[in-house]
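Please look over the sequence and the model shown here.

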Amino acid sequence: MSGDPTAGVDIGGTKIRAAVVAPGGAVLASATAPTPSGGEAMLDVAADLVARAVASAEVPVAAVGVGAAGVVDPGTGEVLAASDSFTGWVGTNLRDGFGSRTGLRVVAANDVDSFLVGEATWGAVRGVRSAAGIALGTGVGGALWLDGALYRGAGAAGEIGHMPGFGDARCTCGQRGHLETLASGRSVARRYAELGGGPDGGAEVGASEVEARALAGDEVAVQVLADVGHAVGSAVLMLAALLDVGHVVVGGGLARAWDLLEPALLARLRDEPPVSGHTIEVRSAVLGGDATVVGAAALARRL
């Protein structure tokens, strides 16, 4: 298996991507399609994309890794929980569903777990013994790489997006005050509107537009993104206090505004450094849209 390509799949809320990945991390071929509604339909599309990528790469694969949105049971491959943007996803068995559709050996993990494995194997924290991964997208995801391996717990290890202590706003999970209420793309858009940003009062302005306005000098947009950086910095300090990780990699769509997030994040780390005295190094992800598929493929290599 070590010298053979493997397949990786990234199942997200808006699109599904499959790729054939060489042992050194290079993407040999890939295929992408919109995410349909319903677990069975999502598996059908994902399996078809794997077949298309394998045909395009013109090389056989013996295993596939699936990085999927939601909490995934590391033993059974079942989706245990997911955001309200997914229909019919909870209860879907990724390992059995992919195995029956592709005839391949399958390993299933959360998409942010796969993202971190990609960055730890070939990306920003390559060679690092222990690290945390944070994905700032529509929501906020987290993952842990401890002692040279992915740590999954019961399936939700590292999910800092649902860590409490960040105000009183209602989270997508139904609870209040989670990190996701400050540091996700959805929360950036909501908070910009609440603060009346821009000449249109912030109405109907998405996170990417808030970023553009911040770059153009919009003070409300700058403050909203600084608040994201501060909140993520607080979460990093909590991770460091619990696990003594010295490296953190941050990715996801909102992380494209890294220059706007980083100053407040680093200021937060300087304000209350870990009691250990060890420096926490926070890095921006480098693999971009490939991180989850190559990380999932790396997990498949271990089957």
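How many bridges join strand β1 to strand β2, and do the two run parallel or antiparallel? Strands β1 (residues 6-11) and β2 (residues 15-21) are joined by 6 bridges and run antiparallel. One of the bridge partners in β2 is V20, which pairs with A7. Strands here are DSSP runs of E of at least two residues, helices are runs of H or I of at least four, and both are numbered from the N terminus; two strands count as paired if DSSP finds at least two bridges between them. This is a predicted model, in which local features need pLDDT of at least 70 and side-chain atom pairs count only at pLDDT 80 or more, while totals for chains, interfaces and linings use all residues. Residues are numbered from 1 along each chain as its sequence is written, and side-chain values use heavy atoms, with hydrogens and water left out.

The two strands belong to an open sheet of 5 strands in the order β3-β2-β1-β4-β7, with mixed pairing. At the edges stand β3 (27-34) and β7 (105-110); each has a single partner strand, so one side of each is left without a neighbour in the sheet. From one strand to the next the twist averages 15°. Helix α3 (residues 111-122) packs on this sheet and touches β1, β4 (63-68) and β7, contact meaning heavy atoms within 4.5 Å. The direction of α3 makes about 100° with that of β7; axes are lines fitted to C-alpha atoms, for helices over the stretch in contact, and angles run from 0 to 180 degrees between N-to-C directions. Helix α9 (residues 291-300) also packs on the sheet, touching β1, β2, β3, β4 and β7, and its direction makes about 135° with that of β1.

The structure holds 10 salt bridges, each a side-chain nitrogen of Lys or Arg within 4 Å of a carboxyl oxygen of Asp or Glu. One of them joins D290 and R17, at 2.8 Å from N to O. D290 lies in the loop between β12 (281-284) and α9, and R17 in strand β2, so the pair ties together parts that are 273 residues apart in sequence. R17 is buried at 15% relative accessibility, whereas D290 is partly exposed at 28% (buried is under 20% relative accessible area, exposed over 50%, partly exposed in between, with a 1.4 Å probe and protein chains only).

Another salt bridge links D44 and R101, with the closest N and O atoms 2.7 Å apart. D44 is in helix α1 (residues 39-57) and R101 in helix α2 (residues 94-102), so this pair connects parts 57 residues apart in sequence. Both D44 and R101 join E40 in a network of salt bridges.
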